[in-house]
Structure formats: structure tokens, C-alpha cells
Amino acid sequence: MKEIKAYIRPERADTVISHLEAIGINGMTVIDVSLLGSWADKKELNISMEYCQRYSKAVKIELICSDDLADIVVGSILDHAHSGQPGDGKIFVTNVEDAVSIRTKMHGIDALA
């Protein structure tokens, strides 16, 4: 199994999510986040007195999928989040050792259902 975390522009989130659902991703976490430093879109920077740092808004999508679906998921995110401008975001893919459903007590890929 793979964990995929994608940080994308907020205006691309609905399109990316719709295409992930179309390829069979039936569960994901979607979080509004702030990006700092070189990841931030320089055109969308704000000054925050609370953080005393520069930041820009982004959406973080987290999901777990089977190994054989990971390249398809990454490709879909790339295709639908890309604008070609700085601040398009990043995708991280990591191995997941196990997943456990608390309700069913199932392990592995079956726990994702």
C-alpha cells in the first residue's frame, strides 16, 4: 500500500478530487493548509502577524491506495493540478506497512473498504 500526500492550489482541488473519485479512490482526507517558504506561490503571499511569516493557502489531499494504483493516482493529480506556475504544489508517496479498520478489525488493503 502507498500513502499519497498532495499539496495543491485551492482552485484545483475540486477537479483533482473529482478525477481521483473517477479512478476509484473512494476515501481521502482533504485539509486547508498554509504553505511557507519556497513552496508558497509568490503571487498569493500574505503577511501574517500571528505567524510573523509569509504564507499562501493550499489544499492537502491524503489517501491510501494499493501499490498498483499509486502511479495512476499520482498521474491524475499531476494532470489536474498542474498550471506550470510556481506554487503548483508537491506530491509525496510513502510505503504503508499496514492499515487496520477499527470497526471490522480487517488488515491491509481490505481495511480501506
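**Secondary structure, contacts and pocket of the predicted model**

Two helices and five strands make up the protein chain. The structure described here is a predicted model. Along the sequence, the elements of the protein chain come in the order β-α-β-β-β-α-β. The protein chain has 113 residues, and 35% of them count as buried.

Helix H1 spans residues 13-22, and its buried residues are Ala 13, Val 16, Ile 17 and Leu 20. These residues lie on the same side of H1, because the arc they cover around the axis is only 95 degrees. In general, an α-helix has 3.6 residues a turn, so residues three or four places apart point the same way. The other side of H1 carries Asp 14 and Ala 22, which are exposed. Just after H1 comes Gly 24, with a positive phi of about 105 degrees.

Charged contacts were examined next. Side chains of opposite charge can pair when their charged atoms come close. The count of salt bridges in the model comes to three. In one of them, Arg 9 is joined to Asp 88, with the closest N and O atoms 2.9 Å apart. Arg 9 belongs to the loop between strand E1 (2-8) and H1, and Asp 88 to the loop between helix H2 (67-81) and strand E5 (89-95), so this pair ties together parts that are 79 residues apart in sequence. Both Arg 9 and Asp 88 are buried. For Arg 9, the relative accessible area is 9%, and this residue is counted as buried because the cut-off is under 20%.

Arg 9 also meets Glu 11 in a salt bridge between their side chains, at 3.9 Å from N to O. This distance falls within the 4 Å limit, so the contact is counted as a salt bridge. Another salt bridge links the side chains of Glu 62 and Lys 60, at 2.7 Å from N to O. Glu 62 and Lys 60 are both buried.

Tyr 7 is part of strand E1 and Phe 92 is part of strand E5, so the pair ties together parts that are 85 residues apart in sequence. Tyr 7 counts as buried, at 14% relative accessibility. Phe 92, at 37% relative accessibility, counts as partly exposed.

Empty space was examined with a probe. Rolling a probe the size of a water molecule over the atoms shows where empty space is left. The largest pocket holds about 230 Å³ of space. Its lining is formed by 13 residues, and those nearest the centre of the pocket are Ile 25, Asn 26, Ile 64, Cys 65 and Leu 112. Strand E4 (residues 53-65) gives the most to this lining, contributing four residues. Sorted by class, the lining of the largest pocket consists of eight nonpolar, four polar and one charged residues.

Two further residues are described in the segment after E5. One of these is Asp 98, which is found in that segment. At a relative accessible area of 37%, Asp 98 is partly exposed. The C-alpha atoms of Asp 98 and Ile 109 are 8.1 Å apart in space, while the two residues are eleven residues apart in sequence. Lys 105 also lies in the segment after E5. The phi of Lys 105 is near 65 degrees, a positive value in a residue other than glycine. As a rule, most residues other than glycine have a negative phi. Lys 105 counts as exposed, at 67% relative accessibility.

Definitions and conventions
Residues numbered from 1 in each chain as written. Predicted model: local features only at pLDDT ≥ 70, side-chain atom pairs only at ≥ 80, totals over all residues. Heavy atoms only, no water. Buried < 20%, exposed > 50% of the residue type's maximum accessible area, 1.4 Å probe, protein only. Arc of directions from axis to C-beta. 1 Å grid on protein atoms, 1.4 Å probe; cavity = no way out; pocket = protein on both sides within 12 Å on 5 of 7 lines; lining within 4 Å. Points joined across faces, edges and corners; volume = space filled by probe spheres on them. Nonpolar A, V, L, I, M, F, W, Y, C, P; charged D, E, K, R; others polar.
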